[in-house]
Amino acid sequence: MTTVVGPAGTGKTRMLAAAVDSWRHAGVHVFGVGPSASSAQQLADAAGMAADTLHKFVYEHHTKWVERRQPPDREWAVPAGSVVIIDEAGMVDTRLLHTYAQIAQRNHWRTILVGDHRQLDPVDACGMFAELVEHPDVLTAELGTLHRFVNEWEADASLLLRDGDVDAVEVYERHDRIHGHDDEHAAIEAVVDAAFNGTVEGRDVLVMASTNRVVEQINEIMTERLLAAGLLDLAEAIDIGGHRFYVGQPVVTRANDRRLTHGPDSEQWVRNGDRWTVLAGTRDELYLEHRETGDRQALPAEYIEASNVAVDYASTIHRAQGATVDEAHLVVSEHTDAKQLYVGATRGRTANHIHTNPPAFDDDHHGRSFPVAEWSPSDAMTNALQRESTGTTALARRRRLRDGASDSRSHDIGAAATAEQRLAALRFARRDSGRGL
């Protein structure tokens, strides 16, 4: 088993495409899996190989045999000695990975886990990818050159964010990327302005928040703004399955359904995370066009009634992981943690903006926990950067407790450097690693 770590913007997918070509030229069979259907499809498209979800792969190679003594179907029959690539490995459920490892050992597969343990974790048991990356018996390769960002300072600062280094706050503040607002509503209005302007000007703007509640508010306000501007037509409203959509509106499907197929040979199916544009609709079906492939799809009212289609002007941070856009805007709340901040603030090529507002209430909802005058936008970003994700294993928590004293001493030594010195050192390390490759 080998792990490949790539910070946001290092071009992990392009690296995988080159590796797949090399293995194929050597006569090695390669199969890809991802934690979700959309990530598996992105891997298949970018690297040019067969790919599916890890859940489906484990089902074909394990569950079917346990339940019905049936071998995997031909599409998932990976021969012994193959290479299996697990993309977005940090998002893989630990129990599922354990089952896969047993299957891989029996079949003598070489497994390559690719991801970034500093990005988001799965909602279930998590943290195993980080354990493997840090394990002395596991070979780990780390990509060191960032390609995504137009501004070199933002590439360097993103690595400070990844390390949880509060010096990053000063850098983003100096470049006017942290925006303070009076309250949550004002922050939402600000990111809606950004999304609206991007739509009008034809720019690819991504708006994110850490909760579904805020995402839904952004989508509602954005829809109202577009209706008022005449960019959506009230007369073209489609009411289906208890939901309302408009012709021309972007939507995202939220559930996998392999029965709903599309494409020239009906080889594709509706995936959780697929992005579409509304074309038309009746009370029984909603007609969509895939925003990447141009394929047409009719969704039945039953699928929509289960809230499996959502307006897509804004996204949760989890759903946005893996996305690359021109410009990104992130709403940071008192619940946003360090990993969410890192992912949300690294989606944009040309600019990434962070929007904050004072917490509305304390934990007991008696009022604000401190005077608003004492709050600052940079404080909100600092707090998020210091807010630990819950995505750690029991082994990692025990190790942190044991090593807490030595960690504190190391932090004191590292804090002596200024932000500019840290950025200069990171820049030098990036260039040096590029020459070494």
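**View A. Gly90, His117, Asp121, Gly127, Met128, Phe129, Ala130 and Lys339 line the second largest cavity.** A cavity here is a set of points on a 1 Å grid over the protein atoms alone where a 1.4 Å probe fits but cannot get out, with lining residues having an atom within 4 Å of a point. The model is predicted, with local features needing pLDDT of at least 70 and side-chain atom pairs 80 or more, while totals for chains, interfaces and linings use all residues. Numbering starts from 1 along each chain as its sequence is written, and side-chain values use heavy atoms, leaving out hydrogens and water. The second largest cavity has a volume of about 30 Å³, volume being the space filled by probe spheres set on points joined across faces, edges and corners. Helix α5 (residues 128–134) gives the most to this lining, namely three residues; helices are DSSP runs of H or I with at least four residues, strands are E runs of at least two, and both are numbered from the N terminus. Sorted by class, the lining of the second largest cavity comes out as three nonpolar, three polar and two charged residues. (Nonpolar covers Ala, Val, Leu, Ile, Met, Phe, Trp, Tyr, Cys and Pro; charged covers Asp, Glu, Lys and Arg; the others, Gly among them, are polar.)

**View B. The largest cavity holds about 50 Å³ of space.** Around the largest cavity sit Lys12, Glu88, Gly90, Met91, Gly115, Asp116, Gln119, Leu120 and Gln321. That lining splits into two nonpolar, four polar and three charged residues.

**View C. Helix α6 (residues 152–162) packs on helix α7 (residues 167–174) at about 150°, axes 8 Å apart.** So α6 runs roughly antiparallel to α7; that label needs over 145 degrees, with under 35 for roughly parallel, 65 to 115 for roughly perpendicular and oblique for the rest. Axes are lines fitted to C-alpha atoms over the stretch in contact, and angles run from 0 to 180 degrees between N-to-C directions. On the α6 side, Trp153, Glu154, Ala157, Ser158, Leu160 and Leu161 meet Asp167, Ala168, Val171 and Tyr172 of α7, contact meaning heavy atoms within 4.5 Å. The α6 and α7 contact counts seven nonpolar, one polar and two charged residues.

**View D. Helix α3 (residues 54–68) and helix α4 (residues 94–107) cross at roughly 50°, their axes coming within 10 Å.** The two, α3 and α4, are therefore oblique to each other. From α3, the contact takes Leu54, His55, Phe57, Val58, His61 and His62; from α4, Leu96, Thr99, Tyr100, Ile103 and Arg106. Class by class, α3 with α4 gives six nonpolar, four polar and one charged.

**View E. Helix α1 (residues 12–25) meets helix α2 (residues 37–47) at an angle of about 55°, with axes 8 Å apart.** That angle makes α1 oblique to α2. Thr13, Leu16, Ala17 and Val20 of α1 touch Leu43, Ala46 and Ala47 of α2. In this α1 and α2 contact there are six nonpolar residues, one polar and no charged.

**View F. Glu88 has a positive phi of about 50° without being a glycine.** Asp176 belongs to the loop between α7 and β7 (178–180).

Note on methods. On a 1 Å grid over the protein atoms alone, a cavity is a set of points where a 1.4 Å probe fits but cannot get out, and a pocket is an open set with protein on both sides within 12 Å along at least five of seven lines; lining residues have an atom within 4 Å of a point.
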